[in-house]
Amino acid sequence: MEINDKLVFKKQHPCGGNEWTVIGLGADVKLKCDVCGRIVMIPRDKIDKMVKQKKEKDASV
């Protein structure tokens, strides 16, 4: 997992989106919702269980 990777989660965010962009890495992974722009931090060990698929890196950011 790298910065600007796109992740698709199994469950939807309350705004209706399920695609997120990785914007920070560390002990926690910082993610930004692609629909509403909400930023959340999730522990790295929980991300593997939540991710449905990893999309191509977004080169435009």
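Which residue in strand 4 is the bridge partner of K30?

**View 1. Pairing of strands 3 and 4 in the predicted model.** In this predicted model, the bridge partner of K30 is M41, which belongs to strand 4. Strand 3, made up of residues 28-33, pairs with strand 4 in the antiparallel sense, and five bridges connect the two.

View 2. Five strands, arranged in the order 4-3-2-1-5 and paired in the antiparallel sense, form an open sheet. Because strand 4 (39-43) and strand 5 (51-55) stand at the edges and each has a single partner strand, one side of each is left without a neighbour in the sheet. On average, and with direction ignored, neighbouring strands of this sheet are turned by 40° against each other.

**View 3. The largest nonpolar core.** This core has 10 residues, namely L7, F9, W20, V22, V29, L31, C33, I42, I47 and V51. Two or more residues come from each of strand 1 (6-9), strand 2 (19-24) and strand 3, and strand 3 gives the most, with three residues.

**View 4. Surroundings of L31.** L31, one of the residues of the largest nonpolar core, touches L7, F9, W20, T21, V22, I23, R38, I39, V40, I42 and I47, when residues up to four places away in sequence are not counted.

View 5. K6 has its place in strand 1 and has a relative accessible area of 17%, which is under 20%, so K6 is classed as buried. The side chain of K6 is joined to that of T21 by a polar contact of 3.0 Å, and a polar contact of 3.2 Å joins the side chains of K6 and D34.

Note on methods. Residues numbered from 1 in each chain as written. Predicted model: local features only at pLDDT ≥ 70, side-chain atom pairs only at ≥ 80, totals over all residues. Heavy atoms only, no water. Pairing = 2+ DSSP bridges. Helix = DSSP H or I, 4+ residues; strand = E, 2+ residues; numbered from the N terminus. Axes fitted to C-alpha atoms, helices over the stretch in contact; angles between N-to-C directions. Core = buried A, V, L, I, M, F, W, Y, C linked by side-chain atoms within 4.5 Å. Buried < 20%, exposed > 50% of the residue type's maximum accessible area, 1.4 Å probe, protein only. Contact = heavy atoms within 4.5 Å. Polar contact = N/O pair within 3.5 Å; in protein donor to acceptor, adjacent residues only side chain to side chain.
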